[in-house]
Structures are given as C-alpha cells and as structure tokens.
Amino acid sequence: MNAVEIFEVGPRDGLQNEPGLIPVAQKVALIDCLSRAGFRRIEVASFVSPKWVPQMASSGEVLRQIRRADGVRYAALAPNLRGLRDAIAAGADEVAIFASASEGFSRANLNCSIADSLVRFADVAQAAQAAGLPVRGYVSCVTECPFDGPTPPQAVAQVAARLRAMGCYEISLGDTIGRATPEAVTAMLRAVLDEIGAAELAGHFHDTQGRALENVAAALELGLRVFDAAVGGLGGCPYAPGAAGNLATERLAAWLAAQGWQTGLDAQVVAQAADLAQKMREGKG
Ligand code: HMG
Ligand code: MG
C-alpha cells in the first residue's frame, strides 16, 4: 500500500503558539473546515494549565462546539489527571501524553524531570485506557533540545519504549525546534526502531530550517507512514525558544502526492483551511 496518513495538529500545536487570543468561533470554524478535508485524526485541544498556555484555555468550549464528522477522531493533550478528566468531560475521542527526551525541555515544558513526568503520564495513560480512550504518546526534542543541545538517539528510544509500555498505541517523534537534519533523523529512528515497529511510530517535524520535508523522506525510507502537520504551517512551542511552525499540511500533502503517496485528503478543502489559518494568524479571522 502506498498510503500515508497526515495527522492534523494545527488547531492544537499550531494555535497554542499564537500570541493573540483567538475567539472560540474562529477555532471551531477552522476545525469544522478540517473535518471536511478527509483527515482521520485531528488534534483540536489541550487541557494544560491556562497559566502555562493561555491560548488553550478555551479547549473545552472548542471541543463542545465543533461539528463532529463521522470517521474523524478528535484528540486532546492531557498533561495530568485533571487534564484527562476535563478532556473526557468535553468529549475528546483520544488523548495524548507528551514527554521529552531531554531534561532541559522536560523542565521548561512540564516543570519536572523526565522520570517524574513518566510517573505522572503512566497514571494518565492508565486512567484514559480504563475510560476506553486511546492514548497517543509524544517524545519531544528527538534530535536536539534548545537547552541541552543534541539528543542521544538512545535517550529517545528509552522514552519511546516507556510510553509504548504504558499502552500508547502510537508514538509521535517530535523535532520540537525544527533543526533536525535527515542524517540525525535516520540515526534517531534506527535506535527507536530497535524498540518499536515503524507501524507504531509517527514523525512530527517543525520546519524552522526548511528541512522538514527531507526529514519526512528519511522517515518514509525507514517505514514510517504517519506524519503530523499543521495547516498553514501554524505553530511552534511556547516553551521551546526558536521553534517555528509545524510542517505545513498543504505542502506535505502536495509533496506526498507528487511522490505517488495517497493521503486521502481533498486538496481544495485543505487549501481553504490553510487560508483560514493564515487569516487567524493575521488577526482577520
Ligand atoms: P506546575 O506549575 O508544575 O503544576 O505545572 P501545578 O500543579 O502547580 O499547576 C499550576 C497551576 O495550573 C495550578 O493553578 C493548577 O491548578 C493548574 P493555581 O493553583 O496556581 O491556580 N493546573 C491546571 N489547570 C487546568 N488544567 C490542567 C492543570 N494542571 C494544573 N490540566 C503542568 C505542571 C504540567 C500543569 C504545566 O507544566 C503545563 O501545563 N505544561 C504544559 C505546557 C504545554 O502545553 N506545552 C505545549 C505542548 S507540548 C508541545 O507542543 C510539543 C509537541 O508538539 C511535540 C513536539 O513538537 O515535540 C507535543
Ligand atoms: Mg510540536
């Protein structure tokens, strides 16, 4: 099969970094548009502390107001049991837990060590599964950390294996600051693939250096078939200095199509969503 799935993260990873507060109605309009584009999974919310990420404080309202499309799973980040409880109450179809492969970013993003975060996430994963929700795991800073420098591939493999052992059905490997090279991605993936099969991995590349598509190519070569992207290239992480937007969904979809991969996406609807995202960024919603 020459199918590749794009997991749309724009409404979460994209919007979380926008400085001006975006009205709920605009977020809902973007998600409703994305729901018509052919995605099977869209990350739309994040139940983190509003003190840490004010833009995501409206996540409950957003999830409650979207028009749900058949066959689409709406996902949300949950950093702790409180976030999980709120995600379930708002109707999230799946949740994601998000650890770091580097200590510096773990402290900056979660205010705790990697080891402590994994203890907390194990509770979240267990409770989510008990409630019948699939859990996705993220590993951040898989090749480089803004605080600690290059990340050893073995550190990524260890955290990914821990998330897998907690029951995460898929582990998304994040180049959080978008500075990865294809060579570094290949070295990192070789270490992770010793622990986890390619079918349970996803690539999550930010595009600071403009090399995200090359990094996707390197991951495709090693068997990965799921990639996260954000419509309009929205994004960045507020706790990762220098992180630029995610790889733009429309660029990734067009590039994949040119290589003969099928994503099942409607390019016209994706373009409409990219337009909406661009207007939101310019404050014209
Ligand atoms: P903390 O300050 O250590 O913990 O934060 P706390 O328990 O003291 O909580 C601080 C305040 O937040 C308290 O309020 C809590 O009640 C409240 P106060 O008592 O001061 O009034 N609080 C909450 N409120 C709502 N929902 C909650 C919640 N939890 C606590 N769930 C904490 C620890 C984990 C909460 C914090 O560090 C946090 O929220 N971090 C999230 C940061 C974040 O969202 N970063 C972006 C997402 S990760 C990312 O983008 C990377 C990714 O895309 C992959 C990649 O690119 O690599 C996934
Ligand atoms: Mg990200």
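Predicted model: local features only at pLDDT ≥ 70, side-chain atom pairs only at ≥ 80, totals over all residues.
Residues are numbered from 1 along each chain as its sequence is written, chains are lettered from A and ligands numbered from 1 in the order in which they are written, and side-chain values use heavy atoms, with hydrogens and water left out.

**Stop 1: around the ligand**

Next, show the side chain of Thr176, which puts a polar atom 2.5 Å from an oxygen atom of ligand 1. Then click on Arg82, where a polar side-chain atom is 2.9 Å from a ligand oxygen. How much of the ligand's own 1,100 Å² of accessible area does the protein cover? The protein covers 77%, with areas from the Shrake-Rupley method and a 1.4 Å probe (for residues, only the protein chains shown count as cover).

Now bring up the whole shell: 27 residues surround ligand 1, with Gln16, Lys51, Asn111, Ser140 and Thr176 the closest. To be near, a residue needs a heavy atom within 4 Å. By class, this shell has 11 nonpolar, 11 polar and 5 charged residues; Ala, Val, Leu, Ile, Met, Phe, Trp, Tyr, Cys and Pro count as nonpolar, Asp, Glu, Lys and Arg as charged, and the others, Gly among them, as polar.

**Stop 2: the largest pocket**

Ligand 1 sits in the largest pocket, in the sense that more than half of its atoms lie within 2 Å of the pocket's grid points. Pockets are found on a 1 Å grid over the protein atoms alone: a pocket is an open set with protein on both sides within 12 Å along at least five of seven lines, a cavity is a set of points where a 1.4 Å probe fits but cannot get out, and lining residues have an atom within 4 Å of a point.

This pocket has a volume of about 660 Å³. Of its 36 lining residues, select Ser46, Val48, Ser49, Pro79 and Phe98, the closest to its centre.

**Stop 3: the second largest pocket**

Move on to Ala3, Val4, Glu5, Arg40 and Thr263, the closest to the centre among the 13 lining residues here. The volume is about 160 Å³, and the lining divides into 6 nonpolar, 4 polar and 3 charged residues.

**Stop 4: the largest cavity**

Finish with the largest cavity, which holds about 50 Å³ of space. Its lining includes Pro11, Leu15, Lys27 and Ile31.

Terms used: Polar contact = N/O pair within 3.5 Å; in protein donor to acceptor, adjacent residues only side chain to side chain. Points joined across faces, edges and corners; volume = space filled by probe spheres on them.
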